[in-house]
Amino acid sequence: MGVKPSSRGCFGWFVVAVILALVIGAIVYTIKKKTEKSEGPAPIPGPPGAIDKKYADALKIATQFFDIQKSGKLVDNKISWRGDSALKDGSEAKLDLSKGMYDAGDHMKFGLPMAFTATVLSWTILEYGDQMDVVNQLEPAQDSLKWITDYLINAHPEENVLYVQVGDPKTDHGCWDRPEVMKEKRPLTQVNASFPGTDVAAETAAAMASASLVFKANSAYSSTLLKHAKELFTFADKYRGLYSESIPEVATYYNSTGYGDELLWAASWLYHATGDKSYLQYATGQNGKLFAQWGSPTWFSWDNKLAGAQVLLSRLTFFGDKDTSNTGLQMYRKTAEAVMCGLIPDSPTATKSRTDGGLIWVSEWNALQHPIASAFLASLYSDYMLSSGTAKLSCNGDSYKPSDLRKFAKSQADYVLGKNPMKTSFLVGYGEKYPQYVHHRGASIPADATTGCKDGWTWLERKEPNPNEATGALLGGPFLNETFVDDRNNSMQAEPSTYNSAIIVGLLSGLVTTSSTVHSFT
Ligand SMILES: *[C@@H]1O[C@H](CO)[C@@H](O)[C@H](O)[C@H]1NC(C)=O
Ligand SMILES: *[C@@H]1O[C@H](CO)[C@@H](O)[C@H](O)[C@H]1NC(C)=O
Ligand SMILES: *[C@@H]1O[C@H](CO)[C@@H](O)[C@H](O)[C@H]1NC(C)=O
Ligand SMILES: *[C@@H]1O[C@H](CO)[C@@H](O)[C@H](O)[C@H]1NC(C)=O
């Protein structure tokens with residue numbers, strides 16, 4: 001026990017009860033932390049350590065993008081140029097799919113990346129809720145998470161049916177309009193027992209299992225999430241198949257290259273949420289051998305969760321019962337170590353996938369996704385080491401400290417925030433210079449302009465910067481040669497995505513201040 005973001009900032013109705021819970025929570029938390037500190041075998045910094053203003057400022061900006069991406073009837077809307085939209089989403093199946101978040105600069109609701117967004121946001125809150133709270137970002141993050149999980153609950157109306165898409169990408173991409181005025185048809189797409197989607201169903205299970213921990217204080221909501229998570233995992237496991245084979249149209253946008261990673265990731269989250277050993281056995285036994293690619297580092301992304309599962313499960317080897325007889329678990333830890341060794345720039349096994357300026361660089365589209373995801377994992381791993389008193393990480397004989405991992409994590413964040421050859425921040429609203437031509441429909445059209453689907457394209461083509469600032473948008477990022485073209489039609493580099501925002505929020509939350517991580521989420 002320790003940080004329980006769910007015990008502070010809950011969504012209860014009774015203000016007094018909430019305040020009481022906050023006060024008691026804080027006291028328990030302080031006592032607990034003190035105890036942990038004196039028991040800890042190695043000195044643990046904080047909490048709260050000194051707040052790093054740079055990362056705190058950036059975090060406060062990054063969390064705002066979720067408000068920009070919200071669909072449905074807005075509550076306490078803070079974005080002057082946003083309003084209600086997509087209120088009828090889901091109605092053709094008599095479901096309310098009006099909430100959730102738009103994927104990027106468009107108005108699609110894509111289930112795979114949206115669920116991944118929720119899982120990463122939950123993980124961030126569970127690990128770094130205390131640090132987010134210090135800078136008042138815990139409640140906004142919980143609110144954004146709930147906006148997605150409310151949608152996911154409705155998207156799963158039957159055990160073996162999950163709606164994985166709202167909107168037709170071809171139709172949607174044929175328009176340039178504000179979400180508030182869109183009139184395009186918003187068809188629904190589902191996976192089911194005949195047309196399975198193991199990947200998307202398992203990712204949704206992971207999102208709901210992890211969120212059930214975040215919202216533990218709201219026990220009815222938390223149990224609902226857990227119930228869906230368990231059912232979805234069973235559905236995913238029993239009816240195996242790639243959703244992009246069941247529904248070939250999705251492959252153009254979010255093609256899934258495998259589902260084994262999501263099954264392991266979901267089982268890992270379900271184990272954390274339930275303590276039921278069968279989920280741990282699932283991940284560490286035969287399925288682990290089959291799918292986990294033990295020993296081979298991979299990149300953590302919306303498509304591939306293996307590195308995430310490795311880090312999440314290795315947390316058990318740092319803080320759990322240290323059951324060394326579970327060789328599968330040890331293999332996850334070893335693979336997580338290999339991932340970390342690949343990231344530290346001067347390690348013997350350092351990856352060469354970097355720009356000259358030191359940014360991890362793997363893909364031309366949305367280039368920043370891999371460096372920030374790697375840095376987020378490095379921040380977590382370095383905190384696991386610190387909090388468990390693990391002094392060293394060995395990489396082919398050379399040894400590294402937690403601070404080496406943290407230094408790497410900071411280097412990637414600093415690059416994103418402006419310390420790069422282009423001298424530009426890629427986080428809109430942060431720094432002296434940041435992109436002005438974000439590929440984002442809502443940001444590019446004034447709120448009082450009247451456009452339809454087609455005549456809105458003139459707003460894409462205009463020479464002037466966006467009339468609305470997409471504050472908190474994290475852009476795709478630079479080419480390998482460290483150039484960036486700030487052009488509204490440059491969706492390869494200048495388009496933000498909601499899942500990238502979850503990852504940068506995770507990374508910045510880890511860097512805001514130093515503190516120990518909790519030993520258990522429950
Ligand atoms: C199952 O999903 C497929 C693919 O989305 C869809 O075409 C089919 O209509 C669904 N089956 C039922 C019974 O709705
Ligand atoms: C989608 O991924 C599968 C599996 O990796 C691959 O065979 C296929 O070519 C990909 N499709 C597209 C459109 O990228
Ligand atoms: C940098 O790389 C991009 C993409 O490969 C290319 O289009 C551009 O011309 C390059 N710029 C320079 C200055 O080399
Ligand atoms: C924007 O980019 C798309 C795809 O690259 C291209 O087809 C289109 O002509 C471009 N539009 C403008 C106005 O440059």
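Tutor: Over residues 1–46 the pLDDT stays under 50, and for this stretch the model has 65 contacts beyond four places in sequence. This is a predicted model, and the chain as a whole averages a pLDDT of 91, with 90% of the residues scoring at least 70.

Turning to the sheet, one finds an open arrangement of 3 strands in the order 1-2-3, with antiparallel pairing. Strand 1, residues 109–110, and strand 3, residues 188–191, stand at the edges and have a single partner strand each, so one side of each is left without a neighbour in the sheet. Strands of a sheet pair through backbone hydrogen bonds, in either a parallel or an antiparallel sense.

The residues around ligand 1 are Q190, N192 and F195, and Q190 falls within the 188–191 range of strand 3. A polar backbone atom of Q190 is 2.6 Å from an oxygen atom of ligand 1, whereas in N192 it is an N or O atom of the side chain that lies 2.4 Å from an oxygen atom of the ligand. Of the 360 Å² of accessible area that ligand 1 has on its own, the protein covers 47%.

Ligand 2 has its own surroundings, made up of A251, N255, S256 and T257. An N or O atom in the side chain of N255 is 2.4 Å from an oxygen atom of this ligand. The protein covers 36% of the 360 Å² of accessible area that ligand 2 has on its own.

Most residues other than glycine have a negative phi. N366, although it is not a glycine, has a positive phi of about 50°, and K423, which is not a glycine either, likewise has a positive phi of about 50°. N366 is found in the loop between helix 15, residues 327–343, and helix 16, residues 369–388, and with a relative accessible area of 9% it is buried. K423 lies in the loop between helix 17, residues 402–416, and helix 18, residues 441–444, and at 64% relative accessibility it counts as exposed.

The loop that holds N366 is also the place of S363, between helix 15 and helix 16. A polar atom of the S363 side chain lies 2.9 Å from the backbone oxygen of W365. When neighbours within four places in sequence are left aside, S363 is in contact with Q369 and H370.

Another loop residue, G472, has its place between helix 19, residues 457–461, and helix 20, residues 491–494, and it is buried, with a relative accessible area of 0%. Its C-alpha atom is separated by 6.2 Å from that of G429, although the two residues are 43 residues apart along the chain. Apart from neighbours within four places in sequence, G472 is in contact with I61, A62, F65, L427, V428 and S501.

Two of these contacts of G472, I61 and A62, are also among the buried residues of helix 2, residues 53–62, where Y55, A56, A58 and L59 are buried as well. What covers the buried residues of helix 2 includes helix 3, residues 65–69, together with helix 17 and helix 21, residues 498–511.

Key:
Residues are numbered from 1 along each chain as its sequence is written. Chains are lettered from A and ligands numbered from 1 in the order in which they are written. This is a predicted model: local features need pLDDT of at least 70, side-chain atom pairs count only at pLDDT 80 or more; totals for chains, interfaces and linings use all residues. Side-chain values use heavy atoms; hydrogens and water are left out. Two strands pair if DSSP finds at least two bridges between them. Helices (H or I, at least four residues) and strands (E, at least two) are DSSP runs, numbered from the N terminus. Buried means under 20% relative accessible area, exposed over 50%, partly exposed in between (1.4 Å probe, protein chains only). pLDDT is the predictor's confidence in each residue, from 0 to 100. Contact means heavy atoms within 4.5 Å. A residue is near a molecule or strand if one of its heavy atoms lies within 4 Å of it. A polar contact is a pair of N or O atoms within 3.5 Å; within protein, one must be able to donate a hydrogen and the other to accept it, and residues adjacent in sequence count only if both atoms are side-chain atoms. Accessible areas come from the Shrake-Rupley method with a 1.4 Å probe; for residues, only the protein chains shown count as cover.
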